[in-house]
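New notebook page. I am going through this structure piece by piece and jotting down what I look up.

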Amino acid sequence: MGTSFSGLAAFQSLHVVMLGLDSAGKTTVLYRLRFNEFVNTVPTIGFNTERIRLGGAGASRGISCHFWDVGGQEKLRPLWKPYSRCTDGIVYVVDSVDAERLEEARAELHRIARFSENQGTPLLVVANKQDLPRALSVADIARHLALGELPPSTRYHVQPACAITGDGLREGVDALHDMIVKRKSLKRKKKRQ
Ligand code: G3D
Ligand code: MG
């Protein structure tokens, strides 16, 4: 009871920001999680936001969380900093087929992870579009994004997924929830010391 109660309390007012290059699949992920179906998207100008009910079997079951999907076009990326400030978690969506833009995705991810306000914010990397034949593996995505070089305080999880069918998304969100709850309870422990 103790663990699930503290998990619930931690997640009731949670905010998660979704970032990633344009066309990575962020909005498709958002609506797949929200409506449990594929929704045809248009390029995001500004942001979309939805309260999403988490449905995992673990501590996240039945708890809802506010997701912010921020546009990924170059001209909108200055918005990433204010939107990610003080967020509980970051979801970084990557197009696993777009090898040419992985370097750009890496640079933007490291830029956002290094902001002082984001130090230690748990990170879920969604290796999206795994349904496509030339999709890179999770290991390749992790290597191209240089996840090992993120600030040491950044906990991360890489989740292979397909936002069209929803495969992998719930597992990813559950992993993010676990990291957020662990960080919050660690912070509480430190405060008490
Ligand atoms: P964005 O919000 O990150 O900019 P979108 O990306 O959610 O708008 O998605 C961009 C395109 O990728 C969309 O196609 C969308 O259907 C497609 N897409 C998203 N996720 C997946 C996936 O898992 N697999 C495949 N095959 N396609 C995906 P269009 O054709 O509308 O541009
Ligand atoms: Mg979008």
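Where is Arg77 found? I find Arg77 in the loop between strand S3 (64-70) and H3. For the names, helices (H or I, at least four residues) and strands (E, at least two) are DSSP runs, numbered from the N terminus.

Ground rules before I go on. This is a predicted model, where local features need pLDDT of at least 70, side-chain atom pairs count only at pLDDT 80 or more, and totals for chains, interfaces and linings use all residues. Residues are numbered from 1 along each chain as its sequence is written, chains are lettered from A and ligands numbered from 1 in the order in which they are written, and side-chain values use heavy atoms, with hydrogens and water left out.

Back to Arg77. I looked up its burial: Arg77 counts as buried because its relative accessibility is 8% (buried is under 20% relative accessible area, exposed over 50%, partly exposed in between, with a 1.4 Å probe and protein chains only). Contact means heavy atoms within 4.5 Å. Setting aside neighbours within four places in sequence, I list Leu21, Asp22, Gly72, Arg101, Glu104 and Glu108 as contacts of Arg77.

Next, helix H3 (residues 80-84), where I also find Pro82. Pro82 has 45% relative accessibility, so I note it as partly exposed.

Then the rings. I searched the whole structure and got five aromatic pairs (rings of Phe, Tyr and Trp, its six-membered ring, pair if their centres lie within 6.5 Å; planes under 30 degrees apart are stacked, over 60 edge-to-face, the rest tilted). Trp80 and Tyr92 make an edge-to-face pair, 6.3 Å centre to centre with 85° between the planes. Trp80 is in helix H3 and Tyr92 in strand S4 (residues 89-95), so this pair ties together parts twelve residues apart in sequence. Both Trp80 and Tyr92 are buried. I also noted a cluster, with Phe47, Trp68 and Tyr83 linked by ring pairs.

I found both Thr27 and Thr44 buried.
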